[in-house]
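Here are my notes on the model you asked me to look over.

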Amino acid sequence: MKAEFYSVEFAPGKELSIETQRLAKQASGSVVIRMGDTMALCTVVSNKEPKPGQDFFPLTVDYRESYSAAGRFPGGFMKREGRSSESEILASRLIDRVMRPLFPKGYVNDTHVIGSVISADGENQADVLAGVGASLATHLSDIPFDGPMAEVRVGRIDGSFVINPTVTELRSSDIDIVVGGTESSILMIEGEMDEISEAEMLDAIKAGHEAIVKLCQFQNELREKLGVEKREFVPVEKDATLVEKVKDAALTKIQAIVKQGLGKEEYNGQLRELREEVVATILEDEQYADEEKTIRGIFGDFEKETLRQQILVDKRRIDGRSPEDIRDIWTEVGYIPRTHGSAIFTRGETQSLVSVTLGTKRDEQSVDTLFSDEAKKFMLHYNFPPFSTGEAGFLRGPGRREIGHGNLAERSLKKVLPSFEEFGYVIRVISDILESNGSSSMASVCGGSMALMDAGVPLRAPVAGIAMGMIVGESDTVVLSDIRGEEDFMGDMDFKTAGTEKGITATQMDMKVQGISFEVLERALKQAHTGRLHILGEMAKTISQPKESISQYAPQFVVMEIDGDSIGAVIGPGGKVIQTLQKETGTDILIEENAAGKGVITIASDNLERAEDAKKRIQGIVGHLDEGATYQGIVKGVKEYGAFVELVPGKEGLLHISEIAHERIKNVEDVLKVGDQVDVKLLKIEHGGRLKLSRKALLDPPQDQANDSEE
C-alpha cells in the first residue's frame with residue numbers, strides 16, 4: 001500500500017517526518033514518526049463505549065524500546081524484552097501527563113496509547129518523538145481529543161538553546177528538560193539543570209514552546225487534510241434534583257469543616273462522618289436507592305468547590321495557612337547508627353527517612369538502553385509503603401509513581417555530587433516515606449541532601465525542594481507554596497522545583513487544566529524560590545555542610561596505578577593471583593585499564609590496614625617491593641638452611657636459619673612449617689632479584705642481650 005509522507009522543520013536544523021495510511025490500520029489511529037534514523041510507531045485505541053458504572057478516565061500509555069531497533073540482542077538469559085525498563089516507564093509518564101488533560105471532561109472510555117521504537121540511530125532520542133507521534137495518532141483519529149499537543153527536549157550549549165539535542169550534544173549541555181504543551185500553553189515540564197536561575201529556566205521553557213507551536217500547527221494542517229470525523233461525545237449530566245438534595249444536606253456543613261484549619265486526620269475524619277450521614281439520609285428515598293456512588297461523587301464536587309473558593313476568595317487554606325506559608329519543619333541526622341549516613345526530614349504531615357550507602361565501583365549499576373550504556377554510580381530509590389497514608393495494603397515492587405518520584409529526587413541531587421574521580425564511591429540513597437500529605441518526592445530531596453552530608457559526601461551545596469500548586473478562578477489565580485494532599489488533588493497544578501541557594505537543579509510540572517500563562521509560571525517560580533531558601537535555612541539548623549570524614553562502617557579503599565603490561569601478572573592465570581590476594585587480605589580488588597593504557601587498581605576493605613597490605617603485595621607482584629618494609633608471607637618450603645617465604649604471589653625470598661630467631665635454631669621445622677603465615681622484614685633485594693628476609697629483625701632480643709646492650 002502506498003504510504004503518505006509529511007515533514008516539518010520545527011526548529012533550526014531539526015526536521016521530523018511522519019508516515020500514515022500504511023501500518024496498524026485497525027487501531028483507532030496510527031503514525032510512524034521519524035528523526036534521522038530513529039523511528040517510532042505510535043498507535044492509539046479507545047473503546048467505543050465506557051464500562052458500565054465507570055467514573056474515571058482509564059488512560060494507559062506504554063512507551064517501549066526493542067533492542068532490534070539498534071540491531072542488538074537483549075542481555076540476560078531470555079533474549080527477549082521483558083517488563084518495562086525504568087527509562088521506558090519515565091518516557092511513558094511524560095506522554096501520559098501531557099495527553100491526559102486534553103481528553104474532554106467526562107470521557108471515561110478505556111484508552112491505550114503505545115509508542116514502539118522500531119529504529120534507533122543512537123543520537124536522536126525517541127521519547128519526545130513518541131510524544132508527538134501519540135498526539136498525531138490521536139488527533140488524526142475519531143477519538144474525542146482537545147489537542148493537538150507536542151513535546152520537545154530543550155538543551156543549552158554555550159549559552160544557546162538547542163531543541164531536541166542529540167545524545168552527543170546533551171553531554172555539553174547545562175540544561176536537559178522536556179517541555180510539553182499545546183499551541184496556546186504549557187502542560188508539562190520535567191528535567192534537570194546545572195543550578196540555573198528562574199529567569200533562565202523560563203527562557204528555556206519559552207524556547208521549547210516556540211517549537212511546540214510549530215509542531216501543533218503542523219498537526220492541525222494534517223488534521224484538516226487527513227483526519228477522520230470525531231465521534232460524537234456528550235458528557236452525562238448529573239440529576240439536577242439529586243445535586244440539589246446533596247447541596248441542601250451537605251454544603252453548609254462542608255464549608256464549616258473547611259474553615260476550621262484542621263490537620264489531615266481530623267479534616268478527613270469529619271468529612272467522612274458527614275459524607276456517610278448525607279449518603280444514608282438520601283438513600284432512604286427509594287427513588288435514589290441505586291445512586292450511592294453518584295451521591296458520593298456529588299459530595300466530592302461540593303468539597304472541591306468549597307476548598308477552591310476559600311482559597312480564591314479568602315486566600316486561606318485548609319490548615320489556616322496563607323498561600324505563601326510553608327508548614328513547620330523538623331530534621332535530624334545520624335539517626336540510624338550503622339548506615340553510612342542518615343536523616344529524617346519532616347514537613348507538616350510528610351516525613352522521609354533517608355539512608356546512604358557508600359560502595360565501590362563494583363557496586364555501580366549497569367544501564368543498557370537504546371540510547372545509553374553508561375553505568376550509574378549514583379542512585380536514589382524511593383519507597384512509598386501504604387502505612388504512610390494510614391492505609392492497609394500490600395508491599396509490591398516499585399510502580400510507575402515510585403520510579404517517577406525517585407527519578408526526580410535523583411536528578412535533583414546528582415547535580416551537586418562530586419565526580420567519581422574526586423570522591424571514588426558509588427552512592428545509593430534510599431528514601432522511605434513514613435508519612436505522606438504533600439510532596440514526598442521533595443521531602444526525599446531535602447532528606448537526601450542532609451543524609452549525604454551526614455555521610456561525608458562532599459556536596460557542592462545543600463539542595464532543597466518544594467511543591468507548588470495553583471487554583472484557577474474566573475477572575476483570579478492563586479499560587480500555593482508547599483501544597484498538601486487535598487490541594488494537590490483538588491488544585492489545577494503540581495509544580496515541583498529543587499535546587500541550591502544558587503539555582504535550580506531539577507523540576508517537574510503537571511497541569512490538570514489546559515495550560516498556564518507565562519506570567520503565572522513566572523510568579524510560581526519566584527514564589528518557589530522564596531520557599532526553597534526558607535527550607536534550606538531550616539535544614540541548615542541541623543546540618544549545613546558535609547562531615548569531614550566518612551563513617552567508620554563505610555568501605556575504606558586505596559587506589560594505585562601500575563603499568564598496563566603488569567595487569568596480567570596481578571590477575572594471574574584464570575584469576576588465581578587476584579583471587580588469592582582478595583582471600584588472604586580480606587579485600588575487594590578491581591582492576592581497570594585507563595585511556596593511557598595504565599592499570600588502575602582500586603582496593604576496598606572495611607579496614608584500611610588490609611587495603612594497604614594488599615597494595616604492598618601488589619607492588620611486590622609488579623616488582624615494587626621496598627627494602628626495609630615488613631610483609632606477611634606464607635612459608636612455601638622448608639630446607640635445612642632456612643625457609644622459602646612467599647611475600648606476594650609469585651615472589652619468594654629466603655629466610656635463612658640464622659634470621660629466624662635471636663637464639664640458635666637447630667631445626668627449621670621446630671619453628672616453621674609449610675603453610676604458616678610469618679611476618680618478615682625485607683632486608684635486601686640482591687642482584688638478580690633475590691630477596692633476603694629476616695624474622696629476627698622484628699622480634700625483641702632476649703633479656704640478657706638487652707641488658708648487655710644497656711651496659
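1. Let's begin with the overall picture. Among contacts between residues at least 6 apart in sequence, 69% join residues at least 24 apart. Bear in mind throughout that this is a predicted model. The protein has 16 helices and 27 strands, and its C-alpha atoms fill a box of roughly 115 × 65 × 50 Å along the principal axes. Of its 711 residues, 52% count as buried.

2. Next, the helix pairs. Two packed helices are described by the angle between their axes and the distance between the axes. Take helix α6 (residues 264-283) and helix α7 (residues 292-314): they pack at about 135°, and their axes are 10 Å apart. The crossing of α6 past α7 is right-handed.

3. Who makes that contact? From α6 come Y267, L271, L274, R275, E276, V278, V279, I282 and L283, while α7 supplies E292, I295, R296, F299 and E303. By class, the residues in the contact of α6 with α7 split into 9 nonpolar and 5 charged, with no polar ones.

4. Now compare helix α14 (residues 576-585) and helix α15 (residues 608-621). Their axes come within 10 Å and cross at roughly 150°. Here the angle is over 145, so α14 and α15 count as roughly antiparallel to each other. The crossing of α14 past α15 is right-handed.

5. On the α14 side the contact residues are V577, L581, E584 and T585, and they meet R610, D613, A614, R617, I618 and I621 of α15. The contact of α14 with α15 comprises 5 nonpolar, 1 polar and 4 charged residues.

6. How many disulfides does a search of the whole structure find? The count is 0. A disulfide is a covalent bond between the sulfur atoms of two cysteines. For C216, the closest cysteine sulfur belongs to C42 and is 15 Å away, which is too far for a bond. C216 is buried, at 1% relative accessibility. C446 counts as buried too, with a relative accessibility of 0%.

7. H139 is worth a look. Its place is in helix α2, which covers residues 127-139. Is H139 buried or exposed? With a relative accessible area of 6%, under the 20% cut-off, H139 is buried. Setting aside residues up to four places away in sequence, H139 touches F145, G147, P148, Q219, N220, R223 and K230.

8. Last one: M468, in strand β16 (residues 464-472). Its relative accessibility is 0%, so M468 counts as buried. Which residues is M468 in contact with, leaving aside its neighbours within four places in sequence? They are V479, L480, S481, D482, I483, M493, D494, F495, A524, Q527 and A528. If you're browsing that region, note also that M468 and E487 are 19 residues apart along the chain, and that their C-alpha atoms are separated by 9.7 Å.

Terms used:
Residues numbered from 1 in each chain as written. Predicted model: local features only at pLDDT ≥ 70, side-chain atom pairs only at ≥ 80, totals over all residues. Heavy atoms only, no water. Axes fitted to C-alpha atoms, helices over the stretch in contact; angles between N-to-C directions. Helix = DSSP H or I, 4+ residues; strand = E, 2+ residues; numbered from the N terminus. Left-handed = near helix turned anticlockwise from the far one by under 90°. Contact = heavy atoms within 4.5 Å. Nonpolar A, V, L, I, M, F, W, Y, C, P; charged D, E, K, R; others polar. Disulfide = S-S within 2.5 Å. Buried < 20%, exposed > 50% of the residue type's maximum accessible area, 1.4 Å probe, protein only. Parallel < 35°, antiparallel > 145°, perpendicular 65-115°, else oblique.
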